[in-house]
Amino acid sequence: MKTKAMLIDITKCIGCRACEQICKEIHGFPQEHEPTLSATALTVVQERGDKFVRRMCMQCQDPACASACPVGALTKTAQGAVRYAGGKCIGCRYCMIACPFDVPKYEWSKLAPYVTKCDMCAERVLAGKPTACAEVCPVGATIFGDRDDLLAEAHKRIAENPAYVRKIYGEMEVGGTSVFFLSDVPFEELGFVTAPMTQPLPTLSAAALGEVPTVVLVGGSLLAGLYWFTQRRQQVAAAEAAEKEDKNVLRFRDKERS
Amino acid sequence: MTRLRLPKITLWRVLVGVIFAAGAWATYLRFVKGFEVATNMSNGQPWGIWVAVATLCGVGLSAGGFAIAGAVYLLGMERYRPVLRAAVIIAFLGYLSVVAGYAWELGLPWNFWHPLVMWNRSSVLFEVVWCIILYTMVLALEFSPALVERIPWAPVREWYLRWHHRILIALVLIGVLLSSLHQSFLGGLFIIFKGKMYPLWYSNYQTTLFYMSAIPAGMAMIIMALYLSVRSLNVRIDLRILDDFSRIITPILVIFALFRFADLYKQHALGYLFLPVEETAYFWLEMALFIAAPLVLFNLPRLRQQPIGLYWASAVLIAGFMVHRINVSITSLERATHAGYVPKWPEMAVTIMLVAAAVLAFRGAVLHLRIFPQTMQVAPPPLLLPRMTGQVFPARPSAAVN
Ligand code: SF4
Ligand code: SF4
C-alpha cells in the first residue's frame, strides 16, 4: 500500500464538527465537544478568530513519540499512520512529553490507563476505506489519499490561489508529517507550533545514543588502564619494600654471624 | 510488668509511623482510586515528582557508590576503603528505592518487565532502564559479601568470597561504565523535548550536565550518611574522610557552573537570565542553593573543621540539586503546557515513604552487617588517628575483609 495522508484546508472548513462527532462515535466516546484533545477526544475543531482549526496526531514521518517509547509501543506503519500497541505499553508517559505537538493523552481516571491518540483510522484504511473524518466532511476540507498525491494537490492549490500562505504545514515540520494543513492566515496566529523545527526530533537523541559505544570502549580501556597502572605501582612499592626487608634481614644475619 | 516490653515511644518512632501510615493511605489511593485522585499529574504535565524526585534525584544521589568504588579499586585510593561498603550500600538502597518507585509511577506497573524483551534501541529511556537494572544487579553483587559473611557454613562462605574476589575488579569497572552511561542519559531523556523546554534548561549537553551534577550530589549524600552513622549509630571512622570528599566537590561544582553558563551562551539563552518571569526566580534559586552556597560553605575553613559544618553544607547542596532536577523536569515545561503542576499530598507521601524505607534499611544494615571496619572499634578514638588512615589496613586486604 502506498503511504496515505490527510490534507486539511483551513480556508474550506465551516466548523460543523462532523469530523469530531464521527470520531467520537466510532470510538464510543461521549458526544459532547471538548476544547482540547483528551483521552476521549482524538480530534477537536478549535475556533481561532473566524477560522476553524482541527487538532489531531500529525502522523510524523519520523515520530518523536515512537523513538521515545522504551518498548516500541508506537510505530510508524507503511500505510502512514503512527499506531499504538497498548499491549506493549508500560505507562511511562514519555511519549506524551516527547511529541512536539502535545498529541498523546492519558486515561488518568482509569485504573489500567492507556495512551490515546488518533491512528488515522488504521483498520479502516487497511480495509481500503478512507478515514472516517475525511469521509464525513461535507465540504471536503479534510481529504484522504496517497501522501504524494496530496502534497502535489496542496502545491497546486497554493500555486493557483495567491490568498494561501506560501507554506504547507507538515511538509517540512519535524522532518515531515502525514497530515498537511493549508491556510490563508499565518500559521502562528492559529496556534500552530511554528518554532523553526525542520529537523526530526529523534535525530537529536540518536546523536546522544550514538556516543554509547565510544563511551564504553574509551571509558572501559581508560579505566582498565588506570587499574593496571595502580596495580603496577602497588606491586613496585611492595617489591621495593620486600627488597628493603631482605636487605635488613641479611644485615641482621651478618650481624648475628659476626 | 508488661509495660516494659512495649517499644519505647520516641519522637522518631512516631514520625516513622506517620510516614508509613501516610504512605500506605497514598498507596491505597493510587491503586484503588487511580492517578486522577492520587496525583496532580495531567495531560500537560505527565511527569510529576515521582519522576523528578524519586527517579532523577534518587539516581543522582546514589552516584557516590560508583565514584568511591572506582576510587578505591581502580585508582587505588586505599584511604577510602573504610567507607567503601557504606557507599556501595547507600547506592544500592538508592537504586532499589528508585526501582520500587516505579510501582507507583508507571501507569501499567505489571508490565514493568516489557523493556527487557521488547526492545527499542532508539529510545533513551530504554537505555536508561537497562543500565539501571544492570547496575542495580552489579551493586547487589558488589555488596553481597556483607551478607555472605554471615553464612555460618565456612566452605560455602569461603568459596563464594574467593569467587567474588576474582570478578570484583570487573564488576567495579562495569559498574563505573553503567553508572556513567545512565547518569548522563537521565539528562539525555530531555534532549528530545526541544522547543518545549524553557531556554534556561534546554541543552544539547544535558547528558554532560546531569553527569557532572550527580557526582557532587552523590558525594554530599555520602557525607551526610557517614556523619549520621557516626553520630547516632555508634560507627567509628576517621571523619577526616568527609573533609577529603568535600574537597572533590568544589572543583566539580566550579566546572559544572562554568559549563552551565557556557552552554547557556551557546544556546543563546543568556538573554533569559534576568527576565521578570517566574522561571528566572527558579533558575537563580537553583544557582544559589546548588552552586553559590555550597561553594562558599565548603570553603569556609571554620566550617570545614567541624563535621557538622560539612553535614549542613552537604544538606544545602542536596537541596540545590533537587531544585535543579525539579527545574529541568517540571519548571521548564510549565510555560509550554500551562499545567500549573503542584504535587498532591499522596505523591509527596509516597516519595517520603521511599526515602524513609531506604534510610531504615541503611540503619538496619549498619547495625546488623559489617558495613564499617570492625577493627576500628579497638583502635584509638577516630579523630586522633594519623592522617593516613590507609595505614591501618593492609595494602592488599584478603577477600574476607574486602
Ligand atoms: S504528532 Fe506526536 S503523537 Fe503524532 S506521530 Fe507525531 S510525535 Fe507521534
Ligand atoms: S506511555 Fe506507553 S506508549 Fe508512551 S512511551 Fe511509555 S510505554 Fe511507550
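B:Trp130 counts as partly exposed because its relative accessibility is 25%. Partly exposed lies between buried, under 20% relative accessible area, and exposed, over 50%, with a 1.4 Å probe and protein chains only. B:Trp130 sits in helix H7 of chain B. Helices are DSSP runs of H or I with at least four residues, strands are runs of E with at least two, and both are numbered from the N terminus. The C-alpha atoms of B:Trp130 and B:His182 are 8.8 Å apart, although 52 residues separate the two along the chain.

This is a predicted model, in which local features need pLDDT of at least 70 and side-chain atom pairs count only at pLDDT 80 or more, while totals for chains, interfaces and linings use all residues. Residues are numbered from 1 along each chain as its sequence is written, chains are lettered from A and ligands numbered from 1 in the order in which they are written, and side-chain values use heavy atoms, without hydrogens and water.

H7(B) gives the most, with three residues. B:Met137 lies in this helix H7. The patch covers about 640 Å², and its members include B:Phe112, B:Trp113 and B:Met137. Patch residues have over 30% relative accessible area and no salt bridge; nonpolar side chains (Val, Leu, Ile, Met, Phe, Trp, Tyr) are joined within 5 Å, like charges within 9 Å. A salt bridge is a side-chain nitrogen of Lys or Arg within 4 Å of a carboxyl oxygen of Asp or Glu. Accessible areas follow the Shrake-Rupley method with a 1.4 Å probe.

A residue is near a ligand if one of its heavy atoms lies within 4 Å of it.

| Ligand | Residues around it | Among the closest |
|---|---|---|
| Ligand 1 | 14 residues | A:Cys57, A:Met58, A:Cys60 |
| Ligand 2 | 13 residues | A:Cys69, A:Cys89, A:Arg93 |

The shell of ligand 1 holds 12 nonpolar, one polar and one charged residues. That of ligand 2 holds 11 nonpolar, one polar and one charged. Ala, Val, Leu, Ile, Met, Phe, Trp, Tyr, Cys and Pro count as nonpolar, Asp, Glu, Lys and Arg as charged, and the others, Gly among them, as polar.

A:Arg93 counts as buried because its relative accessibility is 1%. A:Arg93 lies in the loop between strand E5 (82-84) and helix H3 (94-98) of chain A. Its phi is positive, near 70 degrees. Most residues other than glycine have a negative phi.
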